[in-house]
Amino acid sequence: MPFVNKIWETAEAYLNGTLSESDSVALKNLLNTDLKFANEFNECINLLNSLADSAKQQKFRNLLQDIEAENNKETKIKSLFTRIISITKPYRKTAAVAATVALLTSTITYWIVTPSIKKNNSQYNIISREVEHIKTEQKNQKIAIDSINKKTTLQPAPPSSVKYTGTGFALSNDGYFVTASHVINNGKFDSVYIQNQEGEYFKASLVAHDEKTDVAILKVDKKNFHFSKGDLPYAIINNKANLGSQIFTLGFPKDEEVYSEGYISSKNGFEGNEMQYTLELPAQHGQSGAPVIDANGNIIALLTAIGMQGESNTYAVSTKALFDLLENTPKINKIHFGKTTKFSKLSREQQIEKMETYTFSVKVYKK
Amino acid sequence: MVSSINTDQQILTALAAGDRVATAQIYRVNHPIVNGWLIKKGGTSEDAADIFQEAMVVLYNKVQDENFRLTCSINTYLLSICKHLWLKKLQKLHKDPVSLFDNIEDTEMGNGSYNEDINVHKERELHYEQLNNALDQIGEPCRSLLKSYYHQDKSMQQIAKDFGYTNPENAKNQKYKCLTRLRKLFYNEQAK
């Protein structure tokens, strides 16, 4: 192996322990005789170690933040120290901050955990949710009871079975809302209802959708319908968000609203899709269509899909796709959606509270 | 007592591997303690969250060494690290740290190992910061490419696809070019 020209290959092979016996000997000789090369090689090893270690530490910090967020929400503390922890994963010695030149004399085996156990075939799962009948029925019963208690007139809950559920968010206060196109089965459905925080159902109709980008605009049928009083508290913006931006989302993976947070890990989405972002954000089925909100309360995208199981990537359609769809839909002429955000100064809890009125479960029925 | 030490060691081993369950367990037990202590000392919950996270990272890095054995319980270790971190933070703010520690803890503080752990941690943080600075300076597509590989664990195949290289081999060559640039920037950054 011509080490000098292939210094990175050599360094990687060395760290992975995949250098052949003869190469190891040759490398060792070279390191002992060529001081310039030895210095360079040492720098390479140091850099590769540092890259792997800092990435690993960053992941650990993300995990901590995740746990912290989860803990803040949780009220019950489960019994501690009861679960069995698997300890099978290999871990390697942390590279010392200053490594020495005498690398090959060391007998320590190095592993680079991350690159060697990489999964290749990224898969793409849309995250709408198919629903069991029982749950719907329970919910219907609850609503029936609630409506008796509250003595309000509610639209009747739809009779047929739910096919898909997703999440939607208000586009304007007068009933326009957005979800992912696949949630409404790209327009092939019998009826669509939204169900708000109070459990009330409202029937909705499709206004426009784009199967390719996976965005749909719908409108609540009820006359003079309003999601809430006043304008939307958030803005929907068309700017490309920055890599690393902190973001959060509210969605309905179950019949209760769920909060999760993360960051933009790539400015493009699945297979480099420019209409999407890749997010480091836990998402589950049922959260399709959920708004992706930046720290200032601007909606920048909506969730569409998650990567293969075990991979933490979540994909979200950029609001650009939504704006494109709006532009191509002349029949919606005046939608008053928020252009300024009203909650950049609020705490996250307050932001969530404000958002709750404008995010809801979307239920799609098919015969 | 023996069983608790075993449990600690098991949890630490899992922590070293970045295991979520173990990390969450340590978090749940210790965060309230640190939080309570810090608030008693005039800190806020945000301070506690920051400091606790730093202490967890210190512990995480410590347990990466296979030969590492904690000489005290996880609880004691984390709380002590947090106390030291808080002390340092206050000293930075020129506030009076005298009231911070009561008598019993003072003897514990005599042990210099916590300070050493924190110093190693600070040094490492600086090192990573320099690395990230260098990463920010190399420009695109190098920055995204290296991040895809090292931070997002993407395969060379995926990266070739994402960045429009005809095959993984080309992407790999690009990665090596990027690494060479990063190396230059990084060691310049360090020389500063």
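Biologist: In which sense do strand 11 and strand 12 of chain A pair?
Modeller: Helices (DSSP H or I, at least four residues) and strands (E, at least two) are DSSP runs, numbered from the N terminus. Two strands pair if DSSP finds at least two bridges between them. Strand 11 covers residues 291–294 of chain A, and three bridges join strand 11 to strand 12. The sense of this pairing is antiparallel.

Biologist: What kind of model is this?
Modeller: Residues are numbered from 1 along each chain as its sequence is written, while chains are lettered from A and ligands numbered from 1 in the order in which they are written. Side-chain values use heavy atoms, leaving out hydrogens and water, local features need pLDDT of at least 70, side-chain atom pairs count only at pLDDT 80 or more, totals for chains, interfaces and linings use all residues, and the model is predicted.

Biologist: Which residue takes a positive phi in the hairpin of strand 11 and strand 12 of chain A?
Modeller: Three residues stand between the two strands of this hairpin. The positive phi, near 90°, belongs to Gly297(A).

Biologist: Which residue of strand 13 of chain A is the bridge partner of Ala301(A)?
Modeller: In strand 12, Ala301(A) is the bridge partner of Val292(A). Strand 12 also pairs with strand 13 (residues 313–318), in the antiparallel sense over five bridges. The partner of Ala301(A) in strand 13 is Ser318(A).

Biologist: Which residue of strand 12 of chain A is the bridge partner of Ile236(A)?
Modeller: Strand 7 (residues 235–236) of chain A and strand 12 run parallel and are joined by two bridges. For Ile236(A), the bridge partner in strand 12 is Ile299(A).

Biologist: How many residues of strand 12 of chain A are buried?
Modeller: Buried means under 20% relative accessible area, exposed over 50%, and partly exposed in between, with a 1.4 Å probe and protein chains only. Strand 12 (residues 298–307) is mostly covered, and the buried count is 10 of 10.

Biologist: Which residue takes a positive phi just after helix 1 of chain A?
Modeller: Helix 1 (residues 7–16) is mostly covered, with eight of its 10 residues buried. Among them are Trp8(A), Glu12(A) and Tyr14(A). Just after this helix, a positive phi of about 75° is taken by Gly17(A).

Biologist: How far away is the nearest side chain of opposite charge to Glu68(A)?
Modeller: Lys and Arg count as positive, Asp and Glu as negative, and His and the chain ends are not counted. A salt bridge is a side-chain nitrogen of Lys or Arg within 4 Å of a carboxyl oxygen of Asp or Glu. Glu68(A), in helix 3 (residues 35–73) of chain A, is buried yet has no salt bridge. The nearest side chain of opposite charge is Arg61(A), at 9.4 Å.

Biologist: Which residues is Glu68(A) in contact with, leaving aside its neighbours within four places in sequence?
Modeller: Contact means heavy atoms within 4.5 Å. With those neighbours set aside, the residues in contact with Glu68(A) are Tyr27(B), Ala49(B) and Gln53(B).

Biologist: What pattern does chain B follow along the sequence?
Modeller: Chain B has nine helices and zero strands. Of its 192 residues, 49% count as buried. Read along the sequence, the pattern is α-α-α-α-α-α-α-α-α.

Biologist: How many residues apart in sequence are the parts that Cys142(B) and Cys178(B) tie together?
Modeller: A disulfide is a pair of cysteine sulfur atoms within 2.5 Å, and a search of the whole structure finds one over all chains. Cys142(B) and Cys178(B) form it, with sulfur atoms 2.2 Å apart. Cys142(B) lies in helix 7 (residues 142–150) of chain B and Cys178(B) in helix 9 (residues 168–191), so the parts tied together are separated in sequence by 36 residues.

Biologist: Is the link of Cys142(B) and Cys178(B) left-handed or right-handed?
Modeller: Both cysteines are buried. The angle about the S-S bond is -80°, and the link is left-handed.

Biologist: Which residues do salt bridges that share partners join into one network?
Modeller: Lys154(B) and Asp162(B) meet in a salt bridge of 3.2 Å, N to O. Elsewhere, shared partners make one network of Lys36(A), Glu40(A), Glu43(A) and Arg183(B).
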